[in-house]
Amino acid sequence: AVNAGKVVYVGASDYAGVFIVVDHGYGLLSWYGNLGKASVKTGDTVAAGDVIATSGSTGFTKGNSLHVGLTVFDVPVCPYDLWETPLTFQ
(Lines give C-alpha, C1' and ligand atoms only; values in the text may rest on other atoms or scores of the structure.)
Protein backbone atom coordinates (compact mmCIF):
# COMPACT_ATOMS: atom_id res chain seq x y z
CA ALA A 1 0.00 0.00 0.00
CA VAL A 2 1.27 3.48 -0.82
CA ASN A 3 0.12 4.73 2.58
CA ALA A 4 -1.93 3.73 5.60
CA GLY A 5 -5.67 3.38 5.10
CA LYS A 6 -8.74 1.21 4.98
CA VAL A 7 -9.46 -1.23 2.16
CA VAL A 8 -12.83 -0.15 0.73
CA TYR A 9 -13.03 -2.49 -2.27
CA VAL A 10 -11.62 -5.80 -3.43
CA GLY A 11 -13.11 -7.19 -6.63
CA ALA A 12 -12.67 -7.59 -10.35
CA SER A 13 -13.73 -6.05 -13.65
CA ASP A 14 -13.09 -6.78 -17.33
CA TYR A 15 -10.79 -3.77 -17.73
CA ALA A 16 -8.91 -3.58 -14.41
CA GLY A 17 -8.94 -7.29 -13.64
CA VAL A 18 -8.55 -8.03 -9.95
CA PHE A 19 -8.32 -4.66 -8.19
CA ILE A 20 -8.16 -3.10 -4.75
CA VAL A 21 -9.10 0.39 -3.57
CA VAL A 22 -7.66 1.85 -0.34
CA ASP A 23 -9.13 4.96 1.33
CA HIS A 24 -6.42 7.09 2.96
CA GLY A 25 -8.73 9.81 4.25
CA TYR A 26 -9.02 13.44 3.12
CA GLY A 27 -10.58 12.27 -0.16
CA LEU A 28 -7.45 10.35 -1.26
CA LEU A 29 -7.93 6.86 -2.70
CA SER A 30 -5.26 4.57 -4.14
CA TRP A 31 -6.24 2.05 -6.80
CA TYR A 32 -4.30 -1.11 -7.68
CA GLY A 33 -5.27 -3.07 -10.79
CA ASN A 34 -4.31 -6.03 -12.97
CA LEU A 35 -3.46 -7.96 -9.81
CA GLY A 36 -2.88 -11.69 -9.59
CA LYS A 37 -4.34 -12.31 -6.14
CA ALA A 38 -5.47 -9.97 -3.37
CA SER A 39 -4.13 -10.68 0.12
CA VAL A 40 -6.52 -8.27 1.87
CA LYS A 41 -10.28 -8.03 2.13
CA THR A 42 -12.74 -5.15 2.28
CA GLY A 43 -12.63 -3.56 5.72
CA ASP A 44 -8.98 -4.41 6.46
CA THR A 45 -6.69 -1.67 7.73
CA VAL A 46 -3.30 -1.44 6.03
CA ALA A 47 -0.05 0.38 6.80
CA ALA A 48 2.25 2.11 4.33
CA GLY A 49 4.33 -0.53 2.58
CA ASP A 50 2.07 -3.47 3.45
CA VAL A 51 1.82 -6.17 0.80
CA ILE A 52 -1.81 -6.16 -0.34
CA ALA A 53 -1.60 -8.33 -3.48
CA THR A 54 0.58 -9.95 -6.10
CA SER A 55 0.99 -8.49 -9.57
CA GLY A 56 -0.72 -10.42 -12.31
CA SER A 57 -2.14 -10.45 -15.80
CA THR A 58 -5.83 -10.04 -15.08
CA GLY A 59 -8.01 -7.59 -16.95
CA PHE A 60 -6.87 -5.67 -20.02
CA THR A 61 -3.19 -6.65 -20.03
CA LYS A 62 -0.91 -8.80 -22.13
CA GLY A 63 1.40 -9.89 -19.34
CA ASN A 64 2.33 -9.59 -15.69
CA SER A 65 1.77 -5.98 -14.65
CA LEU A 66 0.52 -3.65 -11.96
CA HIS A 67 -1.46 -0.46 -12.43
CA VAL A 68 -1.46 2.06 -9.57
CA GLY A 69 -3.71 5.11 -9.63
CA LEU A 70 -4.59 7.90 -7.22
CA THR A 71 -7.75 9.97 -7.00
CA VAL A 72 -8.53 12.97 -4.80
CA PHE A 73 -12.27 13.52 -4.39
CA ASP A 74 -12.83 11.30 -7.47
CA VAL A 75 -10.42 13.32 -9.65
CA PRO A 76 -7.46 11.32 -11.03
CA VAL A 77 -4.06 12.76 -10.08
CA CYS A 78 -0.55 11.95 -11.31
CA PRO A 79 1.98 11.45 -8.50
CA TYR A 80 5.09 11.28 -10.71
CA ASP A 81 6.28 14.82 -9.96
CA LEU A 82 6.01 14.14 -6.23
CA TRP A 83 8.16 11.01 -6.55
CA GLU A 84 10.96 13.12 -8.04
CA THR A 85 10.55 16.11 -5.69
CA PRO A 86 8.60 15.22 -2.53
CA LEU A 87 6.55 17.86 -0.72
CA THR A 88 7.99 19.14 2.52
CA PHE A 89 5.76 20.35 5.33
CA GLN A 90 7.00 22.79 7.95
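A salt bridge here is a side-chain nitrogen of Lys or Arg within 4 Å of a carboxyl oxygen of Asp or Glu. The structure holds one, and it joins the side chains of Lys41 and Asp44 at 3.1 Å, N to O. This is a predicted model, in which local features need pLDDT of at least 70 and side-chain atom pairs count only at pLDDT 80 or more, while totals for chains, interfaces and linings use all residues. Residues are numbered from 1 along each chain as its sequence is written, and side-chain values use heavy atoms, with hydrogens and water left out.

**Strand pairing**

- Strands (E, at least two residues) are DSSP runs, numbered from the N terminus. Two of them pair if DSSP finds at least two bridges between them.
- Strand 2 and strand 3 run antiparallel and are joined by six bridges. Within this pair, Asp23 stands opposite Leu29 of strand 3.
- Strand 3 also pairs with strand 6, in the antiparallel sense and over six bridges. Leu29 has Thr71 as its bridge partner in strand 6. Gly33 has His67 as its partner in strand 6.
- Strand 5 covers residues 53-55 and runs antiparallel to strand 3, with three bridges between them. There, Ala38 is bridged to Ala53.
- Strand 6 and strand 7 are antiparallel too, with three bridges. Val72 finds its bridge partner in strand 7 at Val75.

**Hairpins and positive phi**

- Two residues separate the strands in the hairpin of strand 2 and strand 3, where Tyr26 has a positive phi near 55°.
- The hairpin of strand 6 and strand 7 also has two residues between its strands, and Phe73 takes a positive phi near 50° there.
- Phe73 sits in the loop between strand 6 and strand 7 (75-77). It counts as exposed because its relative accessible area is 61%; the cut-offs are over 50% for exposed, under 20% for buried, and partly exposed in between (1.4 Å probe, protein chains only).
- Asn34 has a positive phi near 65° and is a residue other than glycine. It belongs to strand 3. Asn34 is buried, because its relative accessible area is 10%.

**Nonpolar core**

- A nonpolar core is a set of buried Ala, Val, Leu, Ile, Met, Phe, Trp, Tyr and Cys residues joined through side-chain atoms within 4.5 Å.
- The largest such core has nine residues: Ala1, Val7, Ile20, Val22, Tyr32, Leu35, Val40, Val46 and Ile52. Strand 2 (17-25) and strand 3 (28-38) are the elements that give two or more residues to this core.
- In soluble globular proteins, nonpolar side chains tend to be buried together.
- Which residues does Val22 contact, leaving aside neighbours within four places in sequence? They are Gly5, Lys6, Val7, Leu28, Leu29, Ser30, Tyr32 and Val46. Contact means heavy atoms within 4.5 Å.

**Nonpolar surface patch**

- Val2, Leu66 and Val68 make a nonpolar surface patch of about 240 Å².
- Patch residues have over 30% relative accessible area and no salt bridge; like charges are joined within 9 Å, and nonpolar side chains (Val, Leu, Ile, Met, Phe, Trp, Tyr) within 5 Å. Accessible areas come from the Shrake-Rupley method with a 1.4 Å probe, and for residues only the protein chains shown count as cover.
- Val68 lies in strand 6 (residues 67-72). Val68 counts as partly exposed because its relative accessibility is 38%.

**Residues to locate in the view**

- Lys41, one side of the salt bridge, is exposed, with a relative accessible area of 55%.
- Thr45 is in strand 4 (residues 45-46). Is Thr45 buried or exposed? Thr45 is exposed, because its relative accessible area is 67%.
- Thr45 touches Gly5 and Lys6, not counting residues up to four places away in sequence. The C-alpha atoms of Thr45 and Leu35 are 19 Å apart, and these residues are ten places apart along the chain.
- Val72 is part of strand 6. With 30% relative accessibility, Val72 counts as partly exposed.
- Beyond residues up to four places away in sequence, Val72 touches Gly27, Leu28 and Val77. A C-alpha separation of 23 Å lies between Val72 and Ala38, which are 34 residues apart along the chain.

Methods
Helices (H or I, at least four residues) and strands (E, at least two) are DSSP runs, numbered from the N terminus.
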